[in-house]
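Hi,

Here is the structure I promised to pass on.

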Amino acid sequence: MKRAALIWRKSLNVIMLTLTGVSALVVVSVLFLILGYLLWNGGKSLNWAFFTELPKPVGEAGGGMANAIVGSLKLLGLAAAIGLPIGLLAGVYLAEFGGKTFSFIVRYTTDILNGVPSIVIGIFAAAVAVLPFKHFSTAAGGFALGIMVIPITVRGTEEFLRAVPVSLREGAMALGASRWRTIATVVLPAARGGIITGMLLALARVAGETAPLLFTAFNNRYWSPGWGQPTASLTVVIYTYATSAYDDWHRQAWAAGLVLLGLVLVANVGTRLAVSRGGAARGV
Amino acid sequence: MSSTATTFDSAAPRKTGPHAFIWRLRNGDQVAHIVTLVFAASILLITSLVVYELWINSHLSRAKFGWTFFWTRTWDPIFDNFGALPYIYGTLVTSAVALVIAVPLGLAAATFLAELAPRTLSDGIAFLIDLLAAVPSVIYGLLGIFVVVPLMRTVIGPALKTAFGFLPIFQGPNYGVGFLTAGIILAIMVVPFIISVSREVLLTVPRDQREAALALGATRWEATWKVVIPWARAGIMGSVFLALARALGETMAVTMVIGNANNISVSLFSPGDTIASTIANQFGEAAGDLYLSALVELGLVLFLITFILNGLAQLMIIATERGRGRA
């Protein structure tokens with residue numbers, strides 16, 4: 001009887017532990033399935049015209065997404081211009097100046113802002129930057145993405161500033177540097193690599209956002225000069241093309257998906273590798 | 001104000017009037033302090049603005065429908081009659097399906113990474129799983145439309161019907177799109193969050209807890225299941241709440257595979273809509289103030305739910321990592 005119980009416990013042990021390993025394998029293989037599918041389907045449709053030409057009129061095969069690529073870059077640039085400075089300086093405040101209560105509130109609010117569903121950010125940006133002007137615009141889209149950049153940048157900046165050893169700060173102060181001078185010339189440069197990484201990850205994250213753009217930047221089948229007109233972006237075009245009824249648009253959606261995923265993954269892998277190497281070199 | 005400021009003030013001659021403020025600001029520390037403070041405060045401002053705009057812009061709908069907004073099921077832009085019940089139902093059902101799949105899978109994978117795998121392998125896999133979390137949701141939607149929907153129509157759906165067809169949730173016509181498909185995609189999207197947070201939490205469980213269980217004769221699995229996981233329970237719950245908050249608010253992937261129908265149905269195969277997918281589909285074309293206002297109110301609901309869930313999740317994770325997880 002006792003023996004049977006022991007065999008049962010031991011086999012349960014083996015079965016459950018194997019299952020945990022299988023689960024990990026399943027999740028990781030999903031990543032490779034996604035990559036494989038996109039490479040296979042997107043690779044077939046990717047060509048030079050994709051990067052250089054405008055979309056062809058509905059029903060005509062061929063054409064590219066040059067306007068969507070430029071549109072995405074413009075949106076991302078504006079998002080960076082709005083979100084990165086706010087994120088950086090707020091992060092400096094939290095790490096270097098913040099008191100207890102106010103810092104806690106700011107940190108908590110940042111987490112809340114980070115958790116707000118992107119579609120809600122879209123509503124907010126539309127309420128502030130689209131409804132009053134009665135038309136969609138690149139500026140409104142960039143504004144929406146910029147807000148999403150802020151919380152990620154704040155937490156990244158704060159984390160990496162805190163990782164800078166106190167002895168560096170004390171050294172600078174002992175030489176007579178004031179506090180802001182210490183921060184600007186010693187602490188920030190020491191944490192530069194990490195902070196830039198955090199910023200790139202924030203941009204990589206919003207580069208893949210679609211929901212906040214649906215009713216801010218909207219879409220456009222032509223070039224969008226300036227900031228006051230609706231613009232195409234890779235993500236919204238993938239959405240429209242994938243849900244359309246045309247095979248040729250489906251093919252282009254795969255190609256755009258491959259380009260987008262490639263950019264996002266390269267940014268992620270590159271920055272993470274850079275951080276782990278830099279971290280080891282600094283001995284942090 | 002900071003301590004540097006007080007020493008500076010006491011050393012400097014006292015001045016009054018408008019010059020006093022500028023005089024004090026000549027100290028670079030204070031300028032830097034105030035500038036960064038303003039930017040930090042701007043985050044509070046932006047977040048309150050988000051709440052304010054949602055509140056103000058949903059005014060018409062809140063005034064007209066009140067609480068009935070949440071339990072009526074008509075959504076009629078022509079006659080300006082709006083009830084959100086089908087969307088709330090769709091949101092809850094898809095998220096529930098997602099959690100039913102993602103929690104066991106994610107917890108098992110996290111256990112493997114924290115308890116069994118050697119550190120290098122564990123870190124490598126965790127890295128890949130972080131990449132999975134970085135995949136844009138529109139890509140999941142793309143794969144959902146062209147891979148998961150056909151699979152659901154031809155393989156998964158029929159298989160579930162033969163095996164569990166007696167359950168009402170697996171009855172009715174199967175179009176490929178619907179609650180179940182959306183739930184599966186959501187599960188894949190939230191599983192990385194469950195794994196990475198749970199793994200971190202499991203790694204903070206003290207080594208002697210495990211060793212004590214093993215020394216008493218427990219098998220590896222018993223030590224994990226009866227000692228390590230209960231110890232980390234609050235943190236694991238936190239990871240589930242984070243995943244839930246993400247699943248509730250996820251828009252694009254769900255919009256692309258749920259079928260977009262105003263529908264309450266027991267069958268998981270039937271098409272439906274979630275709060276987020278409704279906003280995504282209708283906000284851009286909403287004509288009429290009341291229509292727009294009703295959509296903004298949906299956004300407000302979504303904001304409040306995710307706000308509460310995220311807050312709870314943060315508290316639980318903090319509690320476990322401080323070692324009070326067993327309380």
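Let me start inside chain A: helix 5 of chain A passes helix 6 of chain A in a right-handed crossing. (Helices here are DSSP runs of H or I with at least four residues, numbered from the N terminus; a crossing is right-handed if the near helix is turned clockwise from the far one by less than a right angle, and left-handed if anticlockwise.) The residues that make this contact are A:Ser118, A:Ile121, A:Gly122, A:Ala125, A:Ala126 and A:Ala129 from helix 5 of chain A, together with A:Ala139, A:Ala140, A:Phe143, A:Ala144, A:Ile147 and A:Met148 from helix 6 of chain A. By contact I mean that the C-beta atoms of two residues, placed from the backbone, lie within 7 Å. Sorted by class, the contact of helix 5 with helix 6 of chain A has 10 nonpolar, two polar and no charged residues. For the classes, Ala, Val, Leu, Ile, Met, Phe, Trp, Tyr, Cys and Pro count as nonpolar, Asp, Glu, Lys and Arg as charged, and the others, Gly among them, as polar.

Before going on, a word on what you are looking at. This is a predicted model, where local features need pLDDT of at least 70 and side-chain atom pairs count only at pLDDT 80 or more, while totals for chains, interfaces and linings use all residues. Residues are numbered from 1 along each chain as its sequence is written, and chains are lettered from A and ligands numbered from 1 in the order in which they are written.

Back to that helix pair. The axes of helix 5 and helix 6 of chain A cross at roughly 135 degrees and come within 9 Å. (Axes are lines fitted to C-alpha atoms, for helices over the stretch in contact, and angles run from 0 to 180 degrees between N-to-C directions.) Helix 5 and helix 6 of chain A are therefore oblique to each other. The cut-offs are under 35 degrees for roughly parallel, over 145 for roughly antiparallel, 65 to 115 for roughly perpendicular, and oblique for the rest.

Helix 6 of chain A also packs on helix 8 of chain A, at an angle of about 150 degrees and with the axes 8 Å apart. That pair is therefore roughly antiparallel, and helix 6 of chain A passes helix 8 of chain A in a right-handed crossing. Among the residues that meet here are A:Met148, A:Ile152 and A:Phe160 in helix 6 of chain A and A:Val187, A:Ile195 and A:Arg205 in helix 8 of chain A. By class, this contact of helix 6 with helix 8 has 14 nonpolar, five polar and one charged residues.

Now to where the chains meet. The contact takes 71 residues from chain A and 68 residues from chain B. Helix 1 of chain A gives the largest share of the side of chain A that touches chain B, 18 residues. That side of chain A has 50 nonpolar, 15 polar and six charged residues.

Helix 4 of chain A and helix 3 (residues 28-57) of chain B pack at about 45 degrees, with their axes 9 Å apart. They are therefore oblique to each other, and their crossing is left-handed. Among the residues that meet are A:Ile105 and A:Leu113 in helix 4 of chain A, and B:Ile43 and B:Leu44 in helix 3 of chain B. The contact of helix 4 of chain A with helix 3 of chain B has eight nonpolar, three polar and no charged residues.

Chain B is divided into domain 1 (3-57) and domain 2 (69-324), with bounds that come from an automatic or database domain assignment. The centres of domain 1 and domain 2 of chain B, taken over C-alpha atoms, are 42 Å apart.

Finally, a few single residues:

- A:Phe218 lies in the loop between helix 8 and helix 9 of chain A. A:Phe218 has a positive phi of about 55 degrees although it is not a glycine. With 23 C-beta neighbours inside 10 Å, A:Phe218 counts as buried. (Buried means 20 or more other C-beta atoms within 10 Å of a residue's own, exposed means 12 or fewer, and partly exposed is in between, with C-beta atoms placed from the backbone.)
- B:Asn260 lies in the loop between helix 12 and helix 13 (275-282) of chain B. Phi of B:Asn260 is positive too, near 50 degrees, and B:Asn260 counts as buried with 21 C-beta neighbours inside 10 Å.
- B:Thr255 sits in helix 12 (residues 252-257) of chain B. B:Thr255 is buried, because 29 C-beta neighbours lie inside 10 Å. Leaving aside neighbours within four places in sequence, B:Thr255 is in contact with B:Ser277, B:Ala280 and B:Asn281.

Cheers

Definitions and conventions
Helices (H or I, at least four residues) and strands (E, at least two) are DSSP runs, numbered from the N terminus.
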